[in-house]
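Thank you for making time for this today. Please have a look at the sequence and the structure before I start talking through them.

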Amino acid sequence: MSQIQTLHQQAMDLAEAAAVARLRGAIEQATQLTRQAFEQETQAANLIAGVLDAEPTRSVLHRSAASLAIECGELRAAERLIATALSGNPPLEIAEELKDLFIQINLSQYLKRQGIDIDINKLQGLVN
């Protein structure tokens, strides 16, 4: 478990550094740090993926890795991470967050296939 914790902590440190770089306007550095965070968190999630009774840690790591994957534009990887998390027994609140991430990834593509062109960010502004 300590390797998982180490990888997770490294990923969170990298994600925080990416946020700071983004605030400073260092977009390229922020992108690189986010990718590194995604890779570390994915490694941590993969190490615990088969341990179905390790909740909520298992689903939290997968949710975090999926969020980082989305930031990196790795949508297929995010879908796989979400599916893996949901294939276990995540707590209800985390399961709902995972489903929200899945919808975030797929809603705009679905609407385009239906002939509906809408800016999801504008739609979100109307809801909030």
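What we have here is a predicted model, in which local features need pLDDT of at least 70 and side-chain atom pairs count only at pLDDT 80 or more, while totals for chains, interfaces and linings use all residues. Residues are numbered from 1 along each chain as its sequence is written, and side-chain values use heavy atoms, with hydrogens and water left out.

Let me begin with helix α2, residues 27-48, which has 22 residues and reaches 32 Å from its first C-alpha to its last, close to the 32 Å expected at 1.5 Å a residue; that expected span is 1.5 Å times one less than the number of residues. Helices here are DSSP runs of H or I with at least four residues, numbered from the N terminus. Among the buried residues of α2 are Ala30, Leu33, Phe38 and Ile48, where buried means under 20% relative accessible area, exposed over 50%, and partly exposed in between, with a 1.4 Å probe and protein chains only. The cover over the buried residues of α2 includes α1, α3 and α4.

Turning to the core, the largest nonpolar one has 29 residues, and those with the most contacts inside it include Phe38, Leu61 and Ala66. Such a core is a set of buried Ala, Val, Leu, Ile, Met, Phe, Trp, Tyr and Cys residues joined through side-chain atoms within 4.5 Å. Each of α1, α2, α3, α4 and α5 supplies at least two residues of this core, and α2 gives the most, with seven.

Ser59, in helix α3, is buried, with a relative accessible area of 0%. Its side chain makes a polar contact with the side chain of Glu55 at 2.6 Å; a polar contact is a pair of N or O atoms within 3.5 Å, where, within protein, one must be able to donate a hydrogen and the other to accept it, and residues adjacent in sequence count only if both atoms are side-chain atoms.

How many salt bridges does a search of the whole structure find? It finds five, each being a side-chain nitrogen of Lys or Arg within 4 Å of a carboxyl oxygen of Asp or Glu. In one of them, Glu71 pairs with Arg22, the closest N and O atoms being 3.4 Å apart. Because Glu71 lies in helix α3 and Arg22 in helix α1, this pair ties together parts that are 49 residues apart in sequence.

Technical notes. Contact means heavy atoms within 4.5 Å.
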